[in-house]
Structures are given as structure tokens and as C-alpha cells.
Amino acid sequence: MPSPVLKHLPNALTLLRAVLIPVIALLLWQQRYGAALLLFALCALSDLADGWLARRFDVRTRFGAIADPLADKLAMLAATVLLTWHGWLPWWFAALVVGRDVMIVAGATAYHLCIGRVEMAPTRLSKINTGLEFTFLTGVMAAAAGLIDQGLWWTVLLYLTTTTILASGTQYALLWGAKAVRALRARTPT
């Protein structure tokens with residue numbers, strides 16, 4: 001049995017990430033890209049750490065299953081919207097990020113209200129998407145801070161991340177749509 005501290009450490013890291021989101025947003029709004037980059041990188045590392053700890057020591061919780069991806073989405077949404085606002089990302093990319101996340105949250109809410117409890121389980125493709133989004137946004141902040149040049153990496157990561165946004169959004173729609181149909185069919189007497 002893990003220690004009480006270890007048992008709650010993944011959720012504490014998730015809460016830390018959630019607390020940092022408004023700070024990162026304020027720094028990006030003020031165009032203080034270096035400081036925002038540092039905190040955003042800390043968010044990305046804490047996401048890796050809390051997931052690893054929860055799996056390694058089997059201290060997964062329902063709270064963590066919901067709060068962890070929510071904190072990721074909010075961090076990336078804030079960064080994407082504000083970097084787009086300041087001209088560092090194309091508007092269509094921001095629309096895709098926001099649209100995918102709105103679709104997932106709306107779908108989960110509809111499933112919960114119409115069918116039952118939603119068990120959050122990110123797919124491998126969604127995890128790849130999250131990793132690419134964190135990597136790309138970190139690179140964009142580094143370029144905005146003047147730490148690296150905006151070169152070929154920017155274009156490659158933009159389109160690679162776009163591909164995973166579209167693919168994982170489609171995957172979620174198909175998986176959860178099929179799950180909803182099966183649940184509704186199971187309820188309907190034949």
C-alpha cells in the first residue's frame with residue numbers, strides 16, 4: 001500500500017497545474033513569453049509525472065481521471081487562444097483545438113446526462129495528441145520569447161499536431177458514438 005503522501009501526489013500535481021493556468025494566461029496576455037514558457041513547461045512535466053505516479057503506484061482516482069485531462073485541456077486552450085491572439089498561431093489551428101475540446105466535453109456531458117456515468121480513458125492517439133500539443137505550444141512560446149527561431153520545426157509540428165487533433169477528435173466521436181448506441185440498444189427491449 002502506498003504512503004498517504006504518495007497516494008495523493010498525482011492529484012496534488014494536477015491541482016498545481018490547474019492553479020498555474022491563470023498565471024500562464026496572464027503572462028501570455030502580457031506577452032511575457034519567457035516566464036509563461038517556464039510555467040507551461042512545468043505543467044507539461046507535471047502531467048507526465050502525475051500520470052506515471054498514478055500508474056506506477058496504482059493510485060488512480062476518479063478525481064484524477066477527470067481533473068487531469070481537464071487541466072491539460074485548459075492549459076492548452078489558454079495557451080492556444082492567447083498565442084493566436086498575439087499572432088503566433090494561425091486562427092484555424094486555434095479553432096480546431098477549441099472545436100475538438102468542445103466536442104469532447106459536450107459529448108461526455110451528453111453521454112452522462114442521457115446514458116450514464118462516463119469513465120474517462122484517454123486513447124493512445126489522444127495521448128500522442130496531448131504530447132504533440134504540449135511540445136508544439138512550448139516551442140511556439142520559446143520562439144515568441146526569442147529563444148529559438150521559428151523554422152521548419154514550426155511547420156512540421158503545426159501540421160503533425162493538426163493531424164492528431166483531427167484524428168483523435170474523430171476517434172472519440174466514433175468510439176463514444178458506438179458506445180452510446182450499444183448502451184441505448186441494451187436498454188431498449190426487443
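This is a predicted model: local features need pLDDT of at least 70, side-chain atom pairs count only at pLDDT 80 or more; totals for chains, interfaces and linings use all residues.

Student: Where does F63 sit in the fold?
Tutor: F63 belongs to helix 3.

Student: And what is F63 in contact with, leaving aside neighbours within four places in sequence?
Tutor: With those neighbours set aside, F63 is in contact with N11, L15 and D68.

Student: How far is F63 from L147?
Tutor: The C-alpha atoms of F63 and L147 are 37 Å apart in space, and the two residues are 84 apart in sequence.

Student: Let us turn to D68. Which helix holds D68?
Tutor: D68 is part of helix 3, which covers residues 62-85.

Student: Why is D68 classed as buried?
Tutor: D68 has a relative accessible area of 17%, and buried means under 20%, so D68 falls in that class.

Student: Which side chain makes a polar contact with the side chain of D68?
Tutor: That is the side chain of R17, at 2.3 Å. Beyond four places in sequence, D68 is in contact with T14, R17, D47, D50 and F63.

Student: What about D72, buried or exposed?
Tutor: D72 is buried, with a relative accessible area of 6%. D72 is also placed in helix 3.

Student: Which residues is D72 in contact with, again leaving aside neighbours within four places?
Tutor: They are R17, D47, T130 and F134. R17 and D47 are also on the contact list of D68.

Student: Now the whole chain. How many helices and strands are there?
Tutor: The protein chain has six helices and zero strands. Its radius of gyration is 18 Å, close to the 16 Å from the globule rule for 190 residues, so the chain is as compact as a globular protein of that length.

Student: What box do the C-alpha atoms fill?
Tutor: Along the principal axes, the box is roughly 65 × 45 × 25 Å.

Student: What share of the residues is buried?
Tutor: Buried residues account for 42% of the 190. The protein chain exposes about 10,600 Å², with carbon and sulfur atoms supplying 71% of that area.

Student: Last topic, charges. How far apart are the mean positions of the positive and negative ones?
Tutor: They are 10 Å apart, for 16 positive and 9 negative charges.

Methods. Residues are numbered from 1 along each chain as its sequence is written. Side-chain values use heavy atoms; hydrogens and water are left out. Helices (H or I, at least four residues) and strands (E, at least two) are DSSP runs, numbered from the N terminus. The radius of gyration is taken over C-alpha atoms; the globule rule is 2.2 Å times the number of residues to the power 0.38. Buried means under 20% relative accessible area, exposed over 50%, partly exposed in between (1.4 Å probe, protein chains only). Accessible areas come from the Shrake-Rupley method with a 1.4 Å probe; for residues, only the protein chains shown count as cover. Lys and Arg count as positive and Asp and Glu as negative; His and the chain ends are not counted. The place of a charge is taken as NZ of Lys, CZ of Arg, CG of Asp or CD of Glu. A polar contact is a pair of N or O atoms within 3.5 Å; within protein, one must be able to donate a hydrogen and the other to accept it, and residues adjacent in sequence count only if both atoms are side-chain atoms. Contact means heavy atoms within 4.5 Å.
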